[in-house]
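Please consult the sequence and the model shown here alongside the text.

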Amino acid sequence: MALDKKLIASAAAEEFEERIIEIRRVTKVTTGGKNISFRVVAVVGNRNGKVGVGSGNAREVPQAIRKAIQNAKKNVIEVPVKNGTIPHEVLGRQDASKVLLKPAGPGTGIIASASVRAVVELAGVHNILSKALGSTTAINLAKATLNGLKELKSPKEYAELRDLSVTKVFQGAHKEG
């Protein structure tokens with residue numbers, strides 16, 4: 001029984017691909033001197049619509065990486081990906097950073113900075129245009145991208161909200177009379 005639980009847990013862990021965006025040395029100055037630690041920003045995703053971003057602090061790099069990946073797995077969200085791109089344009093915000101994400105046609109690729117690229121690649125997006133507005137701090141850009149992806153809704157969800165069919169969402173509902 002315990003072996004089955006371990007297999008299920010390891011299968012769930014292997015489902016996500018992990019990527020480290022940033023490793024930064026941070027210091028805290030106290031009366032006794034400087035305390036040095038490391039901050040790591042990590043992204044996890046299955047390249048099929050699920051992605052998460054997390055950060056971790058520790059005195060040693062491997063511990064910080066482990067914490068960041070655990071934190072990222074806790075913050076996994078579902079992203080609607082249609083034909084390798086996002087369904088509509090969206091603006092994600094985090095502190096002083098803003099990220100504009102636009103859908104792109106097939107063959108465009110991912111036009112984005114390193115931290116935005118890591119998030120959208122692991123979400124399973126193949127074609128997207130992005131523009132970083134405001135601060136370009138790696139952790140804020142990654143979180144702003146995640147916040148933008150959270151706001152996305154599939155055409156099916158919009159159709160249900162408006163009590164229309166999916167084709168009428170795209171073609172427009174015309175009133176008669």
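With which residue does Arg-19 form a salt bridge? The partner is Glu-121, and the closest N and O atoms are 2.7 Å apart.

## Basis of the model

This is a predicted model, in which local features need pLDDT of at least 70 and side-chain atom pairs count only at pLDDT 80 or more, while totals for chains, interfaces and linings use all residues. Residues are numbered from 1 along each chain as its sequence is written, and side-chain values use heavy atoms, with hydrogens and water left out.

## Sheet and covering helices

Four strands form an open sheet in the order S1-S2-S3-S4, with antiparallel pairing; two strands pair if DSSP finds at least two bridges between them. Strand S1 (17–30) and strand S4 (77–78) each have a single partner strand, so one side of each lacks a neighbour in the sheet. Strand S3 (residues 50–58) is joined to S4 by 2 bridges, and Val-51 has Ile-77 in S4 as its bridge partner. Helices (H or I, at least four residues) and strands (E, at least two) are DSSP runs, numbered from the N terminus.

Helix H4 (residues 138–151) lies across S1, S2, S3 and S4, at about 150 degrees to S3. Axes are lines fitted to C-alpha atoms, for helices over the stretch in contact, and angles run from 0 to 180 degrees between N-to-C directions.

## Packing of H3 and H4

Helix H3 (residues 114–123) packs with H4 at an angle of about 35 degrees, their axes being 8 Å apart. The contact (heavy atoms within 4.5 Å) involves residues including Val-116, Val-119 and Val-120 of H3 and Leu-141 and Thr-145 of H4.

Thr-145 is buried (under 20% relative accessible area; exposed is over 50%, partly exposed in between; 1.4 Å probe, protein chains only), with a value of 0%. Residues up to four places away in sequence aside, Thr-145 touches Val-99, Leu-101, Val-116, Val-119 and Val-120.

## Salt bridges

The structure holds 7 salt bridges, each a side-chain nitrogen of Lys or Arg within 4 Å of a carboxyl oxygen of Asp or Glu. Arg-47 and Glu-17 meet in one of them at 2.9 Å, N to O. Arg-47 lies in the loop between S2 and S3 and Glu-17 in strand S1, so this pair ties together parts 30 residues apart in sequence.

Glu-22 forms a salt bridge with Arg-24, the closest N and O atoms being 3.3 Å apart. Salt bridges that share partners join Glu-17, Arg-19, Arg-47, Arg-117 and Glu-121 into one network.
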